[in-house]
Structure formats: C-alpha cells, structure tokens
Amino acid sequence: MPWTKKEYPNSLKNFMAPVRNKAIDIANALLAEGNEEQRAIAIATAKAEEWASNRGIKIRKANT
C-alpha cells in the first residue's frame, strides 16, 4: 500500500514533516521495486535520517 503525507506508518509519527515526507517517498519507491512493507519502512527510515543529518535538518519532534 503506498503511503501519503496524511496516511503513513505509525513509526514515522515522531519525525519532523520534511524527514517523514522523505521517508514516505523512499518507502513508496522501495515498495514499487517489490520490497516488503517492513523492510521498506526500515530502509526508508534510516535513509531519511541520514538525508536530514547531512543537511542539518532536525529529525524528530521534541518530546513533550
């Protein structure tokens, strides 16, 4: 199932929007290549974190 900015895996809820959106894009591309959902989420999360870190973008929302 492809994810959207409004409907995405629960594991991405604490990410800042740019990082979450990047992870969604990556995960959807991995799904299109035939990867399983859990694997796509794991890879996309790691790659989105790396992407944000390389650009100095805040990764996660502050804990409240």
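This is a predicted model: local features need pLDDT of at least 70, side-chain atom pairs count only at pLDDT 80 or more; totals for chains, interfaces and linings use all residues.
1. Let's start with the geometry of H2. The helix covers residues 37-55, 19 residues in total. From its first C-alpha to its last it reaches 27 Å, close to the 27 Å expected at 1.5 Å a residue.

2. Next, its buried side. The buried residues of H2 are Ala40, Ile41, Ala44, Thr45, Ala48 and Ala52. Viewed down the helix axis, these buried residues fall within an arc of 130 degrees, so they line one face of H2. Their packing partner is helix H1 (17-32).

3. On the face of H2 directed away from the buried side you will find the exposed residues Arg39, Ser53 and Asn54.

4. The end of the helix is worth a look in your viewer. Just after H2 comes glycine 56, with a positive phi of about 70 degrees.

5. On to the core. The largest nonpolar core contains 14 residues, and those with the most contacts inside it are Trp3, Leu12, Val19 and Ala23. H1 and H2 each supply at least two residues of this core. The largest share, six residues, comes from H1.

6. Leaving aside residues up to four places away in sequence, valine 19 touches Ala48, Glu49, Trp51, Ala52, Ile57, Lys58 and Ile59. Among these partners, Ala48 and Ala52 also belong to the buried residues of H2.

How values were computed:
Residues are numbered from 1 along each chain as its sequence is written. Side-chain values use heavy atoms; hydrogens and water are left out. Helices (H or I, at least four residues) and strands (E, at least two) are DSSP runs, numbered from the N terminus. The expected span of a helix is 1.5 Å times one less than its number of residues. Buried means under 20% relative accessible area, exposed over 50%, partly exposed in between (1.4 Å probe, protein chains only). The arc is that of the directions from the helix axis to the C-beta atoms. Contact means heavy atoms within 4.5 Å. A nonpolar core is a set of buried Ala, Val, Leu, Ile, Met, Phe, Trp, Tyr and Cys residues joined through side-chain atoms within 4.5 Å.
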